[in-house]
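I'd like to walk you through one model, so let me get it up on the screen.

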Amino acid sequence: MRRLIISLLSFCITSHLFANDTVLRIYSATDIGAIRPMLHEFETLYPNTTIVYREFNTIELFQELLTPTLPAPDVVISSASDLQVKLVNDGFAQPVYDVPEVTSNQPWAQWTNELFGFTYEPVVFVYNKEAFINKPIPHTHEALAEQLREQADFYHNRIGTYDAASSGLGYLVASQDEVAFSLTGRLQESLGRARADIHCCTSLLLTRLTTGDLVFGYNLLGSYAMAKAAYNEHIGVIIPEDYTLAIIRSAFVHRNAKSPPLAAAFITYLRSPAGQKTIANKTALMPLDRRLGSHNDTNNQLQKSTNFHPIRLGPELLLYLDQHKKMHFLNNWSLAMDP
Amino acid sequence: MFTIKEHLKKLTSSRMYSLRQKMLTRTALLMCTVLAILSVGVWHYANTSADYSYDRLLSSASVTMLDGINVAKNKVHIDLPYSAFEILQLAPEDKVYYAIYGPNGDFLSGYSDLPLSPSVTEQASTQPRYELHFYKQQKVRFIVRHKRLSERSVAGNVSIILGQTTIARDEQMRDTLYAALTTLMAVMAIALLVMWVAINRALSPLSWLSSQLVSQSPMENGRLPATKILEVAPLTHAINNYRQQWLDALVAMRDFIADASHQIRTAQATTKAQLEIALSSKNERVDKKVVEAIYQDHTKLTRLTNQLLVHATIVHRGDHQAFTPIDMHHFLQDIITYAVRDYAHTNIEFEYVPASENITILGDEIVLKEALRNVIDNAVAHGTSDRSTTHGVIRISLETYDLDCRVCIEDNGQGIPENQRMHALERFVKVGTNTQGSGLGLAIAQSAALSHQGRLILSKSELGGLAVCFSLPRLTETLHASSNH
């Protein structure tokens, strides 16, 4: 009994301590603009917490963790699930217990008790509305491949996609496309023949689509695209009907975290109903709890019965990180893109 | 420590204990031991079966991965198939590590810092090797498998080392273990329960018996109710038998006391009557004839009393017999010496026919002496009573048979007719014209013979009179030895 009281006391003391002046260091591959509302809400839930947020590109983040140049973070967030899985597999994370399930039937949104997904972001097509006036818009991968073949002139130099070679997320999406869809190779060749514009980031592609430099964007991150499309009448978002990959943005507590309880609390918050609601209503991201939808999803496309194909957090993502596998894939991809 | 010692003391002390409790405790202890032994076995089994099932995952995944290793453009070409990792997904929580080594042991892909590496000497045909290592602070089970590449450009073994953490494996092991242990414990509990019921059931005849015995008086001639339990039947039978013997002895005693008191009272009444007649006579002097009659009656009474006491002694000495080896030759010589001295005043001739060898029997000297004397007295009394003119002969002989010896006392008197011989053995029965005897002599002899596991045989003597033979079991050498021991 006495021991229990003592341990309770010590718990109170530590919670008091970190409530006083604790720094939560988050290294993330997410736009600060997209995640800011959540950071604010977390600070109100845990007053006197100072959040240090540092934004990286997915590969930079991965490299930073492998060969640290900065102090170790408490929480690592990235949408490049394969790199996240690799980091966890290699022992960069520490387990967190009692993190709530967002909804049942989503076992793919968590790996062991170390890596936790908290968003569900579809990979979409984006098109320039003016360019497609009086033209059929491709709603499936197959239709796109067909149009690329049949209207090669229309798409020539006017279609853009992620750079699989320089962007972690781009590589993940391209490789998972290959797993999910058997005709990916052909589609890639078509993209190559159309001299597709290759970019590192969704934001750049979106800008070029808005201006009309590009008429079609293939495999763009749905969260950013929808956020942009909600306020921009020039572009439209298509959630492919045959299958739509969904990226799970995930977070883990770094093994060298300064304050693991606070880091765990942040991850718990991300997956809590409050956190999910904030994601749905105030950010450009899309919540893992799909019943909440997203305020950017003006046409309620997320609620459609599309064949969503969430990229499962699990060791199979390690496959495409194999040196040889990656080399082969990128070789083929470059060959297809640059015939 | 102290309490344990005390407890042990309690256990070892000779005070009363409950059989039921003891049996239950011992059974429980035994079962706990069995459970402990079985638990070790179950633990081993759970480990083996978990290893077996998850090793198969590793094995098939590694085979699939080797499928993706080929030779292309004169180089080892690695294109790992997605299915390999999907197989490993069957243990969804587990982390995966692998490394691929080329024909010369050169590292090709995967994790270069695994705690094991393929040995060059290993052949592709050999069975895959499984090893458990600590890697990145966790238990990881590794498989090492080889594949022979035999192109002209690349010849030799490529090896794959594939490892998986043991979360799912350990969980399955625990599941199996707990399931098996739960079953075991349930079985043990049921077995204990059954034991408890069985012990109660087995002990129930005991309480039934005691309740039956308590409710009956030992003096009553009631038998215990028949039981259908085979194991209990001998016990009730024995109790009934035992009780019957006591009751028989009691009846015999009662009869004897009744007979004896009747005989003694009759004799006393006769004496008293004679005395009264003598007192009521007007003569101041007592007639000598009357005194003689009184003397005769008194002698009879004395003899009767003595005989009764001897008889009682013989019969009841049987309860605590003090048998000793008796050398019959010396014993009979003593008896004859006394008899000759006692009857020196009569003209009776004693003959002794000894046996050809030494004979020893196990017996009670006092009882036998009493019995033989009575038979000799009888012989003296009857063998000569009506032939006062000729002198009587009493022959005492000792013969041996295989297992028995026979002591015979013969006289040359009238004897007893064959049809009355059995009758003569009964108490207070006087045969023929005899009026002097108490009717106890032969009864005493009979009792003595029976108490020595022998017989009393009445027959006609060569001398013309009665032959009374004691047939008694001999003490053989082995018996002798054991009795000495």
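Let me start with one residue: in which helix of chain B is His329(B) found? It's in helix 7 of chain B, which covers residues 328-342. Before I go on, keep in mind that this is a predicted model.

So, what's around that histidine? Setting aside its neighbours within four places in sequence, His329(B) is in contact with Pro354(B), Asn358(B) and Ile359(B). Take Asn358(B): it sits 29 residues from His329(B) in sequence, and the two are 7.0 Å apart in space, C-alpha to C-alpha. And is His329(B) partly exposed or buried? Partly exposed, because it has 16 C-beta neighbours inside 10 Å, and a buried residue would need 20 or more.

Now zoom out from the histidine to its helix. Helix 7 of chain B lies across strand 9, strand 11 and strand 12 of chain B, and it runs at about 175° to strand 9 of chain B. Those strands belong to an open sheet of five in chain B, in the order 9-11-12-14-13, with mixed pairing. At the edges you've got strand 9, residues 349-353, and strand 13, residues 455-460, both of chain B, and each of them pairs on one side only. From one strand to the next, the twist averages 15°.

Inside that sheet, have a look at strand 11 (residues 393-400) and strand 12 (residues 404-411) of chain B, which pair in the antiparallel sense over seven bridges. If you want a pair to click on, Ser397(B) has Cys408(B) in strand 12 of chain B as its bridge partner. Another helix packs on the sheet too: helix 10 of chain B, residues 441-451, touches strand 13 and strand 14 (466-473) of chain B. The direction of helix 10 of chain B makes about 130° with that of strand 13 of chain B.

Okay, moving along to a hairpin. Strand 3 of chain B, residues 96-101, pairs with strand 4 of chain B in the antiparallel sense, over three bridges. Ile100(B) stands opposite Ser109(B) in strand 4 of chain B. There are five residues between the two strands, and in the turn Gly105(B) has a positive phi of about 80°.

Strand 4 of chain B comes back when we look at how the chains meet. How many residues of chain B are in contact with chain A? It's 16, and they are in contact with 15 residues of chain A. On the chain B side, the elements giving two or more residues are helix 3 (82-88) and strand 4 (107-110) of chain B. Helix 3 of chain B gives the most, with four residues. By class, that side of chain B has seven nonpolar, four polar and five charged residues.

Over to chain A, and a pair of helices. Helix 9 (residues 202-211) and helix 10 (residues 222-231) of chain A pack at an angle of about 35°, with their axes 10 Å apart. The crossing of helix 9 of chain A past helix 10 of chain A is right-handed. Who meets whom? Thr202(A), Ser203(A) and Leu206(A) from helix 9 of chain A meet Tyr224(A), Ala225(A) and Lys228(A) from helix 10 of chain A. That contact divides into three nonpolar, two polar and one charged residue.

Leaving aside neighbours within four places in sequence, Ala225(A) is in contact with Val124(A), Val126(A), Thr202(A), Leu206(A), Leu220(A) and Val237(A). In soluble globular proteins, nonpolar side chains tend to be buried together. Here, the largest nonpolar core has 130 residues, and Val75(A), Val126(A), Ala225(A) and Ile267(A) touch the most other members. The largest share of this core, eight residues, comes from helix 2 of chain B, residues 19-67. There's also a second, separate core of 44 residues, which includes Leu368(B), Leu440(B), Leu456(B) and Leu466(B).

Chain A has 13 helices and 14 strands, and 47% of its 339 residues count as buried. For chain B it's eleven helices and 14 strands, with buried residues making up 25% of the 485. As for contacts with a separation of 6 or more, residues 24 or more positions apart account for 80% of them in chain A. In chain B that share is 67%.

That's my tour, so over to you.

Terms used. Residues are numbered from 1 along each chain as its sequence is written. Chains are lettered from A and ligands numbered from 1 in the order in which they are written. This is a predicted model: local features need pLDDT of at least 70, side-chain atom pairs count only at pLDDT 80 or more; totals for chains, interfaces and linings use all residues. Two residues are in contact if their C-beta atoms, placed from the backbone, lie within 7 Å. Ala, Val, Leu, Ile, Met, Phe, Trp, Tyr, Cys and Pro count as nonpolar, Asp, Glu, Lys and Arg as charged, and the others, Gly among them, as polar. A nonpolar core is a set of buried Ala, Val, Leu, Ile, Met, Phe, Trp, Tyr and Cys residues joined through C-beta atoms within 7 Å. A residue is buried if 20 or more other C-beta atoms lie within 10 Å of its own, exposed if 12 or fewer, and partly exposed in between; C-beta atoms are placed from the backbone. Two strands pair if DSSP finds at least two bridges between them. Axes are lines fitted to C-alpha atoms, for helices over the stretch in contact, and angles run from 0 to 180 degrees between N-to-C directions. A crossing is left-handed if the near helix is turned anticlockwise from the far one by less than a right angle, and right-handed if clockwise.
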